[in-house]
2 protein chains.
Amino acid sequence: MNKRLLLAKRPDGLPDSDTWSLEEAPIPEPKEGEFVVQQHYISLDPAMRGWLREQRSYIPPVQIGEVMRAGSVGQVVTSKNPTFEVGSYVAGWGGVQQYIATDGAGWYPVDPSLAPLPTYIGALGMPGMTAYFGLLDVGKAKEGDTVLVSGAAGAVGSVVGQIAAIKGCQVVGIAGGPEKCTYLVEELGFDSAIDYKNDDIREGMKRTCPNGVDVYFDNVGGDILDAALTRIRRGARIVICGAISQYNTTSAIKGPSNYLSLLVNRASMTGFVVMDYSKRYKEAALAMGQWMAQGKLKSREDIYKGIENFHETFLRLFSGQKLGKLVLNVLEEDG
Amino acid sequence: MNKRLLLAKRPDGLPDSDTWSLEEAPIPEPKEGEFVVQQHYISLDPAMRGWLREQRSYIPPVQIGEVMRAGSVGQVVTSKNPTFEVGSYVAGWGGVQQYIATDGAGWYPVDPSLAPLPTYIGALGMPGMTAYFGLLDVGKAKEGDTVLVSGAAGAVGSVVGQIAAIKGCQVVGIAGGPEKCTYLVEELGFDSAIDYKNDDIREGMKRTCPNGVDVYFDNVGGDILDAALTRIRRGARIVICGAISQYNTTSAIKGPSNYLSLLVNRASMTGFVVMDYSKRYKEAALAMGQWMAQGKLKSREDIYKGIENFHETFLRLFSGQKLGKLVLNVLEEDG
């Protein structure tokens, strides 16, 4: 059977266990031109929270009764499509389910001998692409810049910081708790880290960015974005990648009250959506694959098991109880 | 004698009559290399409110006891500087006073036969430069774009809208009251106008910008910026020129709570300071002078009289009781 997770109702605030429902369906059969993927891992990302909202956004919301949207990686198990052979591995948008039949649109082959499968939905997948284009294309980070990144121990932030270090930037990460901060500096080569759960954020930014910030890569929004605005240098670029601190709020979103710092500092704040860069994914994958082979870029996935544990695992995105890219193995049972 | 307006104390909120003090001093004598300007008109701009604040900004604050900073235009009355002849007209940063001795740094000649003197601190002065570079360089407005501008009947906004129209954009202005809105459409060639004092701002934006906004030129901040964020199109540019709605607030500045629209729409919000473009002022002055000669660009100044009326006149910037560029004739007495 094929276990599938459907959106049952739109959450108000933090999603609860009634938000999704698990159902069993027959494993699909491929039509002519299709193939079936047995999904091994699905990607859990903060952006998923946005897809639950019934409002205009960069992609349509997931509808009630639909399989929850998710990036995924797995193996072709049956095929009526000559491009995708049985036994080969593929990544795409398979959703939170164990099997999917597809004509291949949006799917691409991956090679598990070059990197473990979960890495293809992590540093070599959407989060990695987001980091690469957000930092280099939107943020225009260059050698000598001070790059500050929030959510720095997360899937996107950890890659942002490592690419910035590779490019010769001074890199400061913001993360929650001493364990993550140590990880950034000791394992990922960040120059310094600010523990937003225990440090004073503004003091921390002063200490670690004494000359100000050239690129602030924002994954969190809220007070941290506001504090970063007080530290930007002339001509700084703020990259708006996300605002995880605001995604579950039931009141009005907190806007950055220090935004006039953009004027004083001739700075910009720019939003982007990684899918716009799809034609250039290969360029990024090649660069990042090389950095990985050279040991300069590390990918760390925090993998949980069991499709029935989706809800609890999803909440780790917002509680911060995870380290690196959050992944769910939907094929294997828990325990 | 030389009447001079000094900063007496830093205001909290809207400046009151104790903020400045008028004093009389002897008319200065030029030293070697200097000349003395008899000032005719000084420029009143919202940015002046920022210069009263004791905080890091793009220029140092005016200090207590100093002459209030202001752009100005006047006539050279004595000179020991061969570049600036007696009888010639000049514009520069003369401050709120009737006479100033200067070595000429930052001053440049103006020709009253080409345009009336007040225009050189209006459409052909800083406000005009701000409009030109903000719209074309920061906002990258191009033919076919929908350009929305707030403070549209003001010194900067009125020029922004007219340049946008010249460039073939669809132009919508936001102003306070039916008189100003009529002026924008009937006199300045805006395509439409929204009366923020009487219309529902969001409904007005829907009505006048049915396909969304490509460039939003923001002079006001606050709720209007927030509303504009809900109407931006993909790839839109928001130009942060000022935030007059927030300048006199004694509580926290209101940040744009809809800023995540930047992400959804791959849009940017960029601040700028016109002084950074000083090397290109000639280019702008040439273009705008030609448009004026062709009747495509109109400059309107709202001129008050009497240096002793500075405070009351200044408040018109924030009450909106003026039309076009606010100017004070400091040479003549009131009435």
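Strand β15 (residues 325-329) of chain B is mostly covered, with 5 of its 5 residues buried; a residue is termed buried if 20 or more other C-beta atoms lie within 10 Å of its own, exposed if 12 or fewer do, and partly exposed in between, the C-beta atoms being placed from the backbone. The structure is a predicted model, in which local features need pLDDT of at least 70, side-chain atom pairs count only at pLDDT 80 or more, and totals for chains, interfaces and linings use all residues. Residues are numbered from 1 along each chain as its sequence is written, while chains are lettered from A and ligands numbered from 1 in the order in which they are written. Helices (H or I, at least four residues) and strands (E, at least two) are DSSP runs, numbered from the N terminus.

In a regular strand, side chains alternate between the two faces of the sheet. In β15(B), K325(B), V327(B) and N329(B) point one way, L326(B) and L328(B) point the other way, and all are buried. Pairing of two strands requires that DSSP find at least two bridges between them. Strand β3 (residues 35-43) of chain B pairs with β15(B) in the antiparallel sense over 3 bridges, and S43(B) has V327(B) as its bridge partner. Strand β14 (residues 301-305) of chain B pairs with β15(B) in the parallel sense over 5 bridges, with Y304(B) opposite L328(B).

An open sheet of 12 strands has mixed pairing and the order β10(A)-β9(A)-β8(A)-β11(A)-β12(A)-β13(A)-β13(B)-β12(B)-β11(B)-β8(B)-β9(B)-β10(B). Its edge strands are β10 (192-195) of chain A and β10 (192-195) of chain B, each of which pairs on one side only. From one strand to the next, the twist averages 15 degrees. In chain B, strand β9 (residues 170-175) runs parallel to β10(B) and is joined to it by 4 bridges; I174(B) has I194(B) as its bridge partner in β10(B). Helix α5 of chain A packs on the sheet, touching β9 (170-175) and β10 of chain A, and its direction makes about 170 degrees with that of β10(A). Helix α6 (residues 222-229) of chain B also packs on the sheet, where it touches β8 (146-150), β9, β11 (213-218) and β12 (232-240) of chain B, its direction making about 170 degrees with that of β11(B). Axes are lines fitted to C-alpha atoms, for helices over the stretch in contact, and angles run from 0 to 180 degrees between N-to-C directions. Residues are in contact if their C-beta atoms, placed from the backbone, lie within 7 Å.

Strand β11 (residues 213-218) of chain A has 6 of its 6 residues buried and is therefore largely enclosed by the rest of the structure. It runs parallel to strand β8 (residues 146-150) of chain A, to which 3 bridges join it, and V147(A) stands opposite V215(A). Strand β12 (residues 232-240) of chain A is likewise parallel to β11(A), with 5 bridges between them; I238(A) is the bridge partner of Y216(A).

In chain A, the axes of helix α5 (residues 201-208) and helix α6 (residues 222-229) come within 10 Å and cross at roughly 40 degrees. That angle makes α5(A) oblique to α6(A); angles under 35 degrees count as roughly parallel, over 145 as roughly antiparallel, 65 to 115 as roughly perpendicular and the rest as oblique. I201(A), R202(A) and M205(A) in α5(A) meet D223(A), I224(A), A227(A) and A228(A) in α6(A). These residues divide into 5 nonpolar, no polar and 2 charged, where Ala, Val, Leu, Ile, Met, Phe, Trp, Tyr, Cys and Pro count as nonpolar, Asp, Glu, Lys and Arg as charged, and the others, Gly among them, as polar.

The contact between the chains takes 25 residues from chain B and 25 residues from chain A. On the side of chain B that touches chain A, α7 (261-264) and β13 (268-271) of chain B each supply at least two residues, and β13(B) gives the most, with 4 residues. The residues of this side divide into 15 nonpolar, 7 polar and 3 charged. Strand β13 (residues 268-271) of chain A pairs with β13(B) in the antiparallel sense over 3 bridges, and the bridge partner of S268(A) is T270(B).

Technical notes. Two residues are in contact if their C-beta atoms, placed from the backbone, lie within 7 Å.
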